Amino acid sequence: MFRVGIGYDTHRLVEGRPLVLGGVPVPFDRGSDGHSDGDALTHAIADAILGALCEGDLGVHFPDSDTQWKDADSMQLLSRVVWLAHERGFEIENIDANVMIERPKLRPHVDAMRANLARVLNIEAGGVSVKAKTGEGLDAVGRGDAVTAQAVVLLKQTSSVRASTGGTTKQI
Ligand SMILES: [Zn+2]
């Protein structure tokens with residue numbers, strides 16, 4: 001059995017914050033505002049996996065109100081979401097993602113993002129697509145005010161759901 005999921009995330013770009021995408025620190029004079037490290041790409045992918053599992057979204061599992069997630073490493077959040085998928089008997093088949101940012105150029109960093117994500121997703125880098133786009137000078141991305149990411153994921157069931165979870169929602 002296969003399950004498909006879609007994820008979306010956007011963060012305001014502000015001075016004094018690091019820009020981290022797919023777990024890769026990207027040199028730039030501004031970065032993502034947000035409670036965690038603001039890694040929009042990783043958040044969109046995690047949300048896509050949660051969506052495929054019908055498990056709500058990142059905000060449900062890692063609430064802003066919980067100080068333990070302040071400045072959290074989003075790759076660790078993604079790792080917990082992948083663990084949940086495995087608990088439910090699913091493996092990641094492939095991911096396709098778009099990252100939209102006006103500057104800086106992301107292309108030199110895309111392969112490092114794919115390798116990072118593939119390691120946490122427990123799949124080959126050949127199953128992780130990351131496409132860098134600009135906003136063509138339009139909207140919040142185009143004005144350089146935001147970074148946005150979209151992702152779709154395909155999950156493949158490799159084992160039946162473990163009795164311990166019973167298909168019920170469980171805090172990860
Ligand atoms: Zn986010």
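Two strands count as a pair if DSSP finds at least two bridges between them. In this predicted model, strand β1 (residues 2-15) and strand β7 (residues 146-157) meet that condition, pairing in the antiparallel sense over eleven bridges. Both strands belong to an open sheet of five strands. The model also contains a zinc ion, coordinated by D9, H11 and H43, and five salt bridges.

**The sheet**

- The five strands of the open sheet follow the order β4-β1-β7-β5-β6, and their pairing is mixed.
- The edges of the sheet are formed by β4 (30-32) and β6 (128-133); each has a single partner strand, so one side of each is left without a neighbour in the sheet.
- On average, neighbouring strands of this sheet are turned by 20° against each other, direction ignored.
- Strands of a sheet pair through backbone hydrogen bonds, in either a parallel or an antiparallel sense.

**Pairings of strand β1**

- Along the antiparallel pairing of β1 with β7, R3 has L155 as its bridge partner in β7.
- A further position in this pairing is T10, which stands opposite T148 in β7.
- Strand β1 is also joined to β4 by three bridges, and these two strands run antiparallel.
- In β4, the residue opposite L13 is S32.

**A helix across the sheet**

- Helix α4 (residues 107-121) lies across two strands, β5 (90-100) and β6.
- Relative to β6, helix α4 runs at about 150°.

**The zinc site**

- The zinc ion is coordinated through OD of D9, NE2 of H11 and ND1 of H43, at 2.0 to 2.1 Å.
- Along the chain, the donors follow the spacing D-x1-H-x31-H.
- H11 lies in strand β1 and H43 in helix α1 (residues 40-52), so this pair ties together parts that are 32 residues apart in sequence.
- H11 has a relative accessible area of 11% and is buried.
- H43 also counts as buried, at 8% relative accessibility.

- R88 and E55 form a salt bridge in which the closest N and O atoms are 2.6 Å apart.
- R88 is in the loop between α3 (74-87) and β5, while E55 is in the loop between α1 and α2 (58-61); the pair therefore ties together parts that are 33 residues apart in sequence.
- R88 is buried, with a relative accessible area of 6%.
- E55 is likewise buried, with a relative accessible area of 6%.

- D111 forms a salt bridge with R114, and their closest N and O atoms are 3.3 Å apart.
- These two residues are three residues apart in helix α4, so about one helical turn separates D111 from R114.
- D111 is exposed, with a relative accessible area of 54%.
- R114 is partly exposed, with a relative accessible area of 23%.

**A salt bridge between D145 and R143**

- D145 and R143 form a salt bridge whose closest N and O atoms are 3.4 Å apart.
- D145 counts as partly exposed at 37% relative accessibility.
- R143 is exposed, with a relative accessible area of 58%.

Key: Residues are numbered from 1 along each chain as its sequence is written. This is a predicted model: local features need pLDDT of at least 70, side-chain atom pairs count only at pLDDT 80 or more; totals for chains, interfaces and linings use all residues. Side-chain values use heavy atoms; hydrogens and water are left out. Helices (H or I, at least four residues) and strands (E, at least two) are DSSP runs, numbered from the N terminus. Axes are lines fitted to C-alpha atoms, for helices over the stretch in contact, and angles run from 0 to 180 degrees between N-to-C directions. Contact means heavy atoms within 4.5 Å. Donors are N, O and S atoms within 2.8 Å of the metal (3.2 Å for Na, K and Ca); water is not among the atoms, so sites may look incomplete. Buried means under 20% relative accessible area, exposed over 50%, partly exposed in between (1.4 Å probe, protein chains only). A salt bridge is a side-chain nitrogen of Lys or Arg within 4 Å of a carboxyl oxygen of Asp or Glu.
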